[in-house]
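The following paragraphs go through a predicted model. They start with the parts of one chain and end with the contact between chains.

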2 protein chains.
Amino acid sequence: MSTILDPWGHFAIEEYEKLFKQFGIEPIDKVLNKLPKLHRFFKRRIIFGHRDFDKWLDAMKKGEKATILTGFMPSGHVHLGHYAVLEELRYYQEIGIDITMVIADAEAYAVRRLPREKILEYAREYITYALAIGLDPGKTKIYFQTNYKPIYYRLIQMFSRKVTLAEMEAIYGKLEPSKIMAALTQAADILHPQLKEFGGYEWVLVPVGADQDPHLRLSRDIADRFKNELGLKRPASTYHKFIRGLDGNKMSSSKPEYAIFLSDPLDVVRSKVMKALTGGRATAEEQRKLGGEPDKCTVYDMYMYYLAPDDKDLHKIYTECINGEILCGMCKRRAFERLKEILNVIKEKYVKISESGIVDEVVDFPSF
Amino acid sequence: MSTILDPWGHFAIEEYEKLFKQFGIEPIDKVLNKLPKLHRFFKRRIIFGHRDFDKWLDAMKKGEKATILTGFMPSGHVHLGHYAVLEELRYYQEIGIDITMVIADAEAYAVRRLPREKILEYAREYITYALAIGLDPGKTKIYFQTNYKPIYYRLIQMFSRKVTLAEMEAIYGKLEPSKIMAALTQAADILHPQLKEFGGYEWVLVPVGADQDPHLRLSRDIADRFKNELGLKRPASTYHKFIRGLDGNKMSSSKPEYAIFLSDPLDVVRSKVMKALTGGRATAEEQRKLGGEPDKCTVYDMYMYYLAPDDKDLHKIYTECINGEILCGMCKRRAFERLKEILNVIKEKYVKISESGIVDEVVDFPSF
């Protein structure tokens, strides 16, 4: 049976291991020794797979021009899932990598069918958080799909020549003009940093969630076909697990009651955390006896992603849980206290960044 | 039986009248009294049909913002068919209309599959002839599909949201990503002059050959769907007959032996004219007896289009032919002499325009 990865859906990928076999994604493990600094996302296999990440790392070490291409779909408020991506990007900047960030506003409009004004609001929110979380505006090039240079659009036009509807539908399923445009646009997003007009980065790494892999596969095929004509190379990619929403499915702004938004007031955050799905047992007594199941717990997810950066601390939390030494209510309260600290710092910085006007200095917003 | 109009093919439309019934194109006749000056292309029904041309003319008379959008596909050398279009445009400029001209280089690349360098060469040739034939560079805005402003591309992206593959295939037949892109791009070409960023022309007229009508129908549908969101109106259009090639089919650079190129040396032109398909009879004797058939004659086409602008003169040529008073050889020699005069003037101006460097001053060529 074949797994369909749908970048436009909300398919939760339960068995990441399947991806290794079916799509040729490599496990991250063998690559880790090449990293100059090991972020916990790697150690904890939150970033679990890759394509050509080893080559990208080797090239970077040799001082060849390497960059990161990342994207954000402005179709909802910024939540903890986005925060994880932003933290990953900050890590890459700390090890010296320039970042290009696309705001996928054309796709949010054409595929997600949001009104333009709403899209621009969400984009502003995201960019502000990106800077609040520590992305260096001097080393981050942020652009909108609807407001970029002509050569970027020329790529989309040129790419359309060398793909067929049949092969695109084999990758994406049934397509409409909006999704065809969006897919070719994503290919231009992924491949354009290689052109000299955009910095001439020979090595582009695209860190994505596993559901975005179809875009990577299309981009790699297109790169092969424009190898001679435009000198394009295949992009590298890494794949991360999604942080789950508080109901245990992918965190998404389309289910706001199960997502923690960075803009949520703290009392709302507290109440969401307290209602989160855990790996707890039916009764306190049973839990003390059998222990909890952290692998099923969305609160444990938060510890693993953000709330327990220290490995020993995380191990302690895990052990307490499986040994039945702590009940879910208490564990949630502790999680909320830790989350509150992180959110307070971000919220404060968010206000400062907003008031500084720097977002409009570094990003060229579309007029409509 | 339904007539398929294929803008990407070379379908010769024999029975223009059919279009009136099947696609709702109006005959040009009733509109002619609204024209401030009657070009022979109208009188001779070379421009034979229209949609909303009457409304466009009324608006223009009232001093509302009206413009022409025209296009050129740089997929071959410039021939007499293009010359007719350029003469029509010059006429509109004489009556005071500004013109926007798209160079459809994205489509030439993706659909016609020409190399980029060749496309840019053909485009330069065409633009140079356009100015040589008398288009005023101060009143003509010329742009490449691959090298325009972001808002133009934003239109393409936005349009993709409100069309389905099924309805596009109902208009165009089976589609591939390249043709979908090209069709949406044509819609942006046709509709963009209405945006304030491009002059805010409320009334846009698109003079085309009948085979381009699918693009007009799609653009009119899209305009309706973006009436509220972007304030778009339906474009008006006129339809002209193609000048036939010397074999009696549509003149096309893909059959160079049957096309007269403006760059052809005069001895080549002479030899092509002398071999042209005529409405002559099998023998001279028969022709003297029965007369020729000018309606079948590609040389008579040339008189009608260019070589006999005076109506009395054209009538005389027609009469001589049907009465058998002139044989094809002589008629062809006269046609060549007249054509030579026209071509000599154009060729001389072409050299001057080329040497002046003005093409690069008025048009922003893509870098690749």
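Domain bounds here come from an automatic or database domain assignment. For chain A, that assignment gives domain 1 (18–242) and domain 2 (256–356). The centres of domain 1 of chain A and domain 2 of chain A, taken over C-alpha atoms, are separated by 29 Å. Where these two domains touch, domain 1 of chain A contributes 14 residues and domain 2 of chain A contributes 13 residues. On the domain 1 side, helix 4 (80–94) and helix 6 (116–132) of chain A are the elements that give two or more residues. Helix 6 of chain A has the largest share of that side, with four residues. By class, the domain 1 side has nine nonpolar, three polar and two charged residues.

Chain A as a whole contains 17 helices and seven strands. Its radius of gyration is 21 Å, close to the 21 Å that the globule rule gives for 368 residues, so chain A is as compact as a globular protein of that length. Along the principal axes, the C-alpha atoms of chain A fill a box of roughly 70 × 50 × 45 Å. Of the 368 residues of chain A, 48% count as buried. Among contacts in chain A between residues at least 6 apart in sequence, 74% join residues at least 24 apart.

The contact between the chains takes 27 residues from chain A and 27 residues from chain B. On the chain A side, helix 5 (105–110), helix 7 (150–159), helix 8 (165–172) and helix 9 (177–191) each supply at least two residues. The residues of that side divide into 16 nonpolar, seven polar and four charged.

Definitions and conventions
Residues numbered from 1 in each chain as written. Chains lettered and ligands numbered in written order. Predicted model: local features only at pLDDT ≥ 70, side-chain atom pairs only at ≥ 80, totals over all residues. Contact = placed C-beta atoms within 7 Å. Nonpolar A, V, L, I, M, F, W, Y, C, P; charged D, E, K, R; others polar. Rg over C-alpha atoms; globule rule 2.2 N^0.38 Å. Buried ≥ 20, exposed ≤ 12 C-beta atoms within 10 Å, placed from the backbone.
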